[in-house]
Every structure is written in C-alpha cells, then in structure tokens.
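Hi everyone, thanks for making time. I'd like to walk you through a few local features, so let's bring the structure up.

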Amino acid sequence: MQERPSPKRRDLLRFLAVIGGLLLLNFLGQQFFFRLDLTQEKRYTMSAATKQLLEKMPEPVTVTVYLDGDFPPAFRRLQQSVRETLNEMQVYGGSKLHYVFLDPSAATSEQDRNKTYQALLKKGLRPTNLAATENGKRVEKIIFPWATVTVGPKEKNVLLLRGNQAAPSDVRLNQSIEGLEYELASTIQQLEPSRRKRIGVVDGHGELSNAEAGDLLGSLQERYDVYRVKLDVVPDLRALDALIIARPTMPYTEPEKFKLDQFVTSGGNALFFMDEMRVSLDSAARTGMLSFPYQLNLEDLLFKYGVRINPDLLLDLNSGVIPLVTGNVGNKPQVEPMPWQFYPLINQFSKHPITRNLDAVYTKFVSSIDTVKATGIRKTPLMFTSRYTRVLPSPVPVNLNDARLEPDQKLYKQSFKPIGYLLEGQFQSLYANRAKPGTTQYQPATSPRAKPGKVLIISDGDFVRSELDPKTGRPFRLGFDRLANTEFANRELVLNAVDYMLDETGLIAVRGKQITLRPLDKVKVAEQGRRWQALNIVTPLVLLGLFGLVRAWRRKRRYASF
C-alpha cells in the first residue's frame, strides 16, 4: 500500500507548483504581449495609427504635463485620464517616451509661484479658471491645462482642455478626455522628422493678402510647406498635395479653372472658402447697400462636384457683434458692440473627425449650400446655423443701422442651414468629352490619372481671414474677435480639415473617439448616499469575517483527525 505524503510535504508541493505556474505565466507574458480593455467604448485602447507612430519613433520624446497637484474630483478625472493615456502610450513607445507631471503652484512662496506662472505665460501656456459643482457647491480652480512635447531641440505646446465652451463643465471635460490621444499623438507626429506635404494658396483673383491670411499661413507652415500659386503662371498643380482658395473676389478664367479641375480629379485636395454675395461694409455703414452675387466663374465646377452655394445671405439670432456709435460722451462718440445677425456664430456641427467636440466658430455674411447629384461622391455637412435662421435671397439690403433695431423673431423660421460641406470620392471632370480651354484637344471621359480626392467648401471667405492689429498691422490669431475678446475655433477647424485631407496614417480618425458620460442621479445620491457608503464599507468587512470563520472551522475539522 502506497504511503500518503505528509500534510507538510503536500503543502510544500502546492507552494512550489504555484511558484512554477507564476514563473511560467510571467515568461509567457513576456513572449506574448496583450492587454484587455473591458470598457464598452474601448477608452483605454490605442488606435492602430497611434501604435504605429509610437513604435516607429526615431527620436526620444518627452512630455511635460502641468496638471499635478490637488484638484477637485471633476478636474482630477482629467488629470487621471492624461496619466492613463500616457501610460498606455508608453507601453508602445517604450524607453523612447518619457513623461513627467509638474505642479505650477507647488512653490513655497508667492513670489516663486508668480515667477513660475510668468515663465509659463511666456511659453504661451494660458491658465484656465474652470468651474464644477461638487456636493451641491460651486468649485473653482485656476489650472494650467497644458502639456509640452519635446523632441530634440523642438518643443510644442498641447492644450489638454478643449471641447465646446458653451457646454456644461462636465461635458467639456469629457470632450477633452476624448481628444487626449489625438492631441498628444498628432503633436508627436508633427515634431518627428518626416516628408512635409506641399500646400498651394491660390493668388491673383483678389484673394486674402499675406497679412490677412497671416495666422493661417503661419499655422500651416509649422506642419507643411506652403506656397503662393498663380494659376496663370504654373503649367499644372501636380507638385502640390492640397490647394486653398481663400476669398476670391475676381473671376477665374477657363484655363485656370481647367487646372483646378485636373488637380481635383487627379486625386488632389482642395479647400474653398468663398463668399457668394458681395458686401462692402463701408457702403453698408454710410447709406446701406444692395448685395449681389459675385461672378467668380466657379459655379459650374462646384455644381459638377456636387454642391451649389446659393445666392442668399443667412441671418442668425445666435450672432457676433459690430461696433456702432450709440451717442456721445463729451466731445467723443460712444461706441458699443451691437448684435449683428449677418455674423452667425456657428455651434452646430456634425460628428465628423474634422468638427467633433469643436468650439464655436465665427462667420460673416454666409450663404446656404445645397447638394446636387454627383455620382460616386460622399457629401458630409460639417456645420450649420442655429434653429433661429432667416434666409434673404439676392439682392439683399445690408445696412449697419439695422443693428440698432430689435430683430423680429417671427421672421427667423429656418433651422440648421448647412454652410460647410466635405466632398469625398472620385470626382468627374467638368471638361470630360470637351475641348481643353484654348485648344482643340478633347479630354477623355475618364482621365488616366484619375484618383479619389477630397474637397471642402465653406460659404464664407472671411472664415480664414485674421483681424489686423490697428497699431502694428500684424494679424491676430485666426478666429480672435477683438470686440468680444474671444478666440473662436476657426483655426482649429481649418487645421483639422487639412490634416484629414493629407493624413495617410489615419491618425485624424482618433478625433472620432467617444466616451459616454454616465453621471449618477444627483437626487438619489443626496437621499441615499450615506446608505450606499455604509453598505460599501461594511459588506466587504462582513464577507471577510465570514470567510475567516469558515476557513478556521474547516482547518479545525481537517486537522482534528491527525
């Protein structure tokens, strides 16, 4: 009869088996890496584009986050999400990705703290006073919701608190968390050395000057090579990856339009920022004027691609302001900002990556856009006016003195008129089966160079125009309104659009990431909060005590027979 092993030896064998199993699991974990994300929206899962970017980084990257310190719970969620995102990115970036959290208010003296604040302000990091409600009380905290990404000698600031300022604070925080991966990954991508795409800005038809488009051009030059292009000089546009048409005021010739058409149908990307109606503010300020459509000779080209900018102007009760003289103070006129319904503030966007979680944008004298049939073209409306919109067909009377009058809300019956479209697909040439302008050479129905392309159309030429500082003549940041002292998101939308069109990695799609808010019922929390707290504290202790008693009873029975 085989002798049974002693309890001591049996316990030792079990212990060695557990240790061996753990060592085996550790070895397998090193050989076969995997992570499990059990959240419904996969909030902790990096996109394939981000993983590829991090795994192939040629140079080390350092991320400095200015969100350390003691925050109220609402802000701590943003802080923790930034840390979790960087932890996840470090898994794929390995030793080439380093990050550190700093507390700008950690100085022991107020003087040192102010020096730290001034140093951050010089770097362009602006503080934010964000409010939240905790336990029925309003909590405010001055924070620096920024990070800096450093690659070699190059450094770039990253704003971590984005989202729509009109949204509740918890929603805005959630929107910021949704965009963390894209903001950090896209900044790393911009700083890493790579081939720079080429963007042409069309000139020669009364488009925006270098000063008026200064901030747009400067922002694009941080990521791309930007050139001024005269269509009547260059033979073609093949060397460019994208083309921008910024508020033309004079017509295009047929040969110039042909070059645009060949560029788009051959897979090029074009961004049109166009005014359909001619408005002169000087005339409108003096005696008023009638606004008529421009004759730019681009209508048939855009119609072929699938859209039509209508000859009208949209008025919106959700609008910007203009300065008007409302009286005199002594010998000087008193100027006050007055609502001007011809300047719609756009706060309605589609869920497309270009506009997702975007703040409001500022527009001037916009027109409605309709779509027409275009085979093979996907049309995505990007932004809309508010639910209180009025449409005035051409000719439109424009008089600045109308801003003194209270608008009749009964006239604003239209809702959510689209003013921006993204078109994607294989565009059909306007000149198919027609002679090339100025020649007898007929164009084939399908070009051998035909490739899918993208076209963005916004019915506002001023959308990309920066206001100029009256003292220095230098442009303000695109989207900054001096009267409202507010910076709108025009700049961000244009950069997102260019990135979307030229991004071959698919990184821009990360902006579509969505994290669902699941807030607690505040009434039930107030009524039942203490009961659930007590239950959560007492229940684990009771279960642990029962487990100990059962285990002691079983051990007593087991060893009583020896």
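When I say that residues pack or touch, I mean contact, with heavy atoms within 4.5 Å. Please keep in mind that this is a predicted model.

Let's begin with helix α8, residues 254–265. Just after α8, G267 has a positive phi of about 100 degrees.

Next, Q175, which sits in helix α5, residues 169–178. Q175 is buried, at a relative accessible area of 15%. Leaving aside residues up to four places away in sequence, Q175 touches G163, N164 and N357.

Now the aromatics: the structure has 11 aromatic pairs. In one of them, the ring centres of Y117 and F144 are 5.3 Å apart with planes at 35 degrees, so we call that pair tilted. Y117 is in helix α4 and F144 in the loop between β4 and β5, so the pair ties together parts 27 residues apart in sequence. F144 is buried, at 4% relative accessibility, whereas Y117 is partly exposed at 22%.

Ring pairs also link W340, F342, Y343, Y362, F365 and F488 into a cluster. And finally, the charged end of R83 sits over the ring of F101, 4.0 Å from its centre.

Conventions. Residues numbered from 1 in each chain as written. Predicted model: local features only at pLDDT ≥ 70, side-chain atom pairs only at ≥ 80, totals over all residues. Heavy atoms only, no water. Helix = DSSP H or I, 4+ residues; strand = E, 2+ residues; numbered from the N terminus. Buried < 20%, exposed > 50% of the residue type's maximum accessible area, 1.4 Å probe, protein only. Phe/Tyr/Trp six-rings, centres within 6.5 Å; stacked < 30°, edge-to-face > 60°. Lys NZ or Arg CZ within 6 Å of the ring centre and 35° of its normal.
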